[in-house]
Amino acid sequence: MNLILHVWRQKGPKEPGKLEQYEAKNVSPDQSFLEMLDEVNDTLIKTGKDPIVFDHDCREGICGMCSQVINGVPHGGQERTTVCQLHMRKFKDGDAIYIEPWRALAFPIIKDLIVDRSAMERIIQAGGYTSCHTGGVADGNAILVPKPVADYAMDAAECIGCGACIAACPNGSAMLFTSAKVAQLASLPQGQAEAAERVCNMTDAMQANGFGNCSNHYECQAACPKGISVKFIAKLNREYQKALFK
Amino acid sequence: MRILTGSVGRKILMSITGQLLIIFVLIHLIGNSTIFFGPAGINAYAEHLHSLPPLVWLFRLVMLAAVSVHICYGVMLTLENKAANPGAYAVKRQLKASFASENMVWTGALLGCFIVYHLAQFTIHGTPDVVVGMDAANRVDVFKMVVTSFGHALISLTYMIAMVMLFLHLSHGIPSFLQTMGWNNDKTIPVFSTGGKVISAVLMLAYISIPVVILAGLLKL
């Protein structure tokens with residue numbers, strides 16, 4: 001199939017950017033979206049033009065590096081799918097595809113489709129961990145965790161930190177991302193000791209790094225490639241209220 | 001104080017003040033519905049209500065405080081949210097956000113304007129349509145005042161539009177306050193979302209029924 005791509009091109013953080021049009025010819029329906037872009041880039045390089053710069057790593061849907069808004073939806077809108085796992089069979093011959101970077105105040109564009117997501121790292125640095133003594137590996141069964149609790153924590157831990165929730169949020173808020181880590185750690189015995197401190201520090205870091213406030217649109221859950229539920233935001237809100245009285 | 005400055009803290013204050021205002025909306029509707037019992041109903045209710053001035057003023061002060069906090073933080077959070085999202089997508093497809101959720105600040109602003117007008121009209125009696133008088137039992141004739149004012153189609157229409165704003169504001173506001181208070185999980189999210197819309201629609205229709213009944217001539221002087 002042949003496609004028309006409208007791709008956001010921007011030389012640097014301070015440079016103005018704009019959508020540029022490219023043709024993707026003879027695209028196989030079995031190709032992934034990133035493989036299609038690779039071929040477009042091959043053509044651009046052969047003709048002496050700058051290739052389209054985009055983030056990618058594992059190409060297995062688990063690393064959270066790929067970050068493109070495709071036709072107005074982060075990761076392209078296929079349920080629980082990252083860009084790298086989106087296949088060209090989802091498109092039709094002659095389709096026009098708009099490809100843009102994550103857009104939020106906290107995500108400055110580095111080049112083309114790559115944004116700086118280190119603000120998310122700073123939220124994690126503020127409390128997305130448990131403090132523990134180093135030493136020998138602890139016995140896996142030393143602290144017993146009931147299965148439903150372990151399942152709940154694992155559902156929250158499924159977050160790959162890609163930032164689609166922030167890109168989709170009309171407020172550029174990082175509540176789903178932050179709440180996934182807060183809920184995961186607050187539900188486990190190892191994380192409960194620092195739960196109050198963690199929720200305060202992580203939400204403060206969210207605010208300090210230019211993310212907006214959650215107003216419960218739930219766009220984040222709809223765009224999340226891992227289906228992280230907004231129930232974790234409710235859990236964060238409960239943890240925050242508990243922290244207020246500590 | 002974290003609750004006054006934090007991202008989540010300020011939302012909790014929005015939620016608590018929003019809940020107080022929803023309780024007021026319910027109490028006010030129950031009070032208003034005494035109009036269906038004629039002058040004897042609403043005039044007696046109004047006299048009873050105003051027979052305890054300290055309680056009335058305490059209630060008014062709590063409501064004023066709740067509205068002020070709700071408006072201040074609503075505007076502050078909205079401005080921060082606009083700044084956090086440059087909103088420059090060439091193509092953007094909404095997946096879940098609704099007209100109501102995206103326009104909370106505007107439906108809220110229109111409701112705020114309506115509250116000022118409504119107080120000027122029926123509490124301060126400062127609008128030209130208001131007829132102030134006493135009934136046969138020497139009580140303030142609220143029935144005559146309301147029926148006369150709502151007899152003007154434009155005044156009734158303004159009221160109905162304000163109630164549509166109330167519906168939009170609460171249809172997102174009710175599920176939103178439950179989420180912000182943390183009283184939510186996977187099972188309750190769809191229930192609260194639908195329940196919020198149903199409760200808001202019932203409130204809107206109940207409030208609108210008063211001018212409709214008056215305009216239809218079913219309640220007359």
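Among contacts in chain A between residues at least 6 apart in sequence, 71% join residues at least 24 apart; a contact here requires two C-beta atoms, placed from the backbone, to lie within 7 Å. The structure is a predicted model, in which local features need pLDDT of at least 70 and side-chain atom pairs count only at pLDDT 80 or more, while totals for chains, interfaces and linings use all residues. Residues are numbered from 1 along each chain as its sequence is written, and chains are lettered from A and ligands numbered from 1 in the order in which they are written.

Taken along the principal axes, the C-alpha atoms of chain A fill a box of roughly 60 × 35 × 35 Å. The chain holds 9 helices and 7 strands, these being DSSP runs numbered from the N terminus (H or I over at least four residues for helices, E over at least two for strands).

Turning to the sheet, 5 strands of chain A form an open, mixed arrangement in the order β2-β1-β5-β3-β4. Its edges are β2 (18-24) and β4 (73-74) of chain A, each of which pairs on one side only. Two strands are said to pair if DSSP finds at least two bridges between them. β1(A) and β2(A) run antiparallel over 7 bridges, and A:W8 has A:L19 in β2(A) as its bridge partner. On the pairing of β1 (residues 3-9) of chain A with β5(A), the sense is parallel, over 4 bridges, and A:H6 stands opposite A:Y98 in β5(A).

The domain assignment, which is automatic or from a database, gives chain A domain 1 (3-110) and domain 2 (118-130 + 143-244). The C-alpha centres of these two domains of chain A lie 28 Å apart. Their contact takes 18 residues from domain 1 and 17 residues from domain 2. On the domain 1 side, the residues divide into 10 nonpolar, 6 polar and 2 charged, where Ala, Val, Leu, Ile, Met, Phe, Trp, Tyr, Cys and Pro count as nonpolar, Asp, Glu, Lys and Arg as charged, and the others, Gly among them, as polar.

Between the chains, the contact takes 44 residues from chain A and 36 residues from chain B. On the chain A side, the elements giving two or more residues are β5 (96-100), α7 (195-208), α8 (219-223) and α9 (231-244) of chain A. Of these, α9(A) gives the most, with 9 residues. By class, this side of chain A has 20 nonpolar, 17 polar and 7 charged residues.

Within chain B, α2 (residues 7-32) meets α9 (residues 188-215): B:V25, B:L29 and B:N32 in α2(B) touch B:L203, B:A206, B:Y207 and B:I210 in α9(B). The residues of this contact comprise 6 nonpolar, 1 polar and no charged. The axes of the two helices come within 10 Å and cross at roughly 35°, with axes fitted to C-alpha atoms over the stretch in contact and angles running from 0 to 180 degrees between N-to-C directions.
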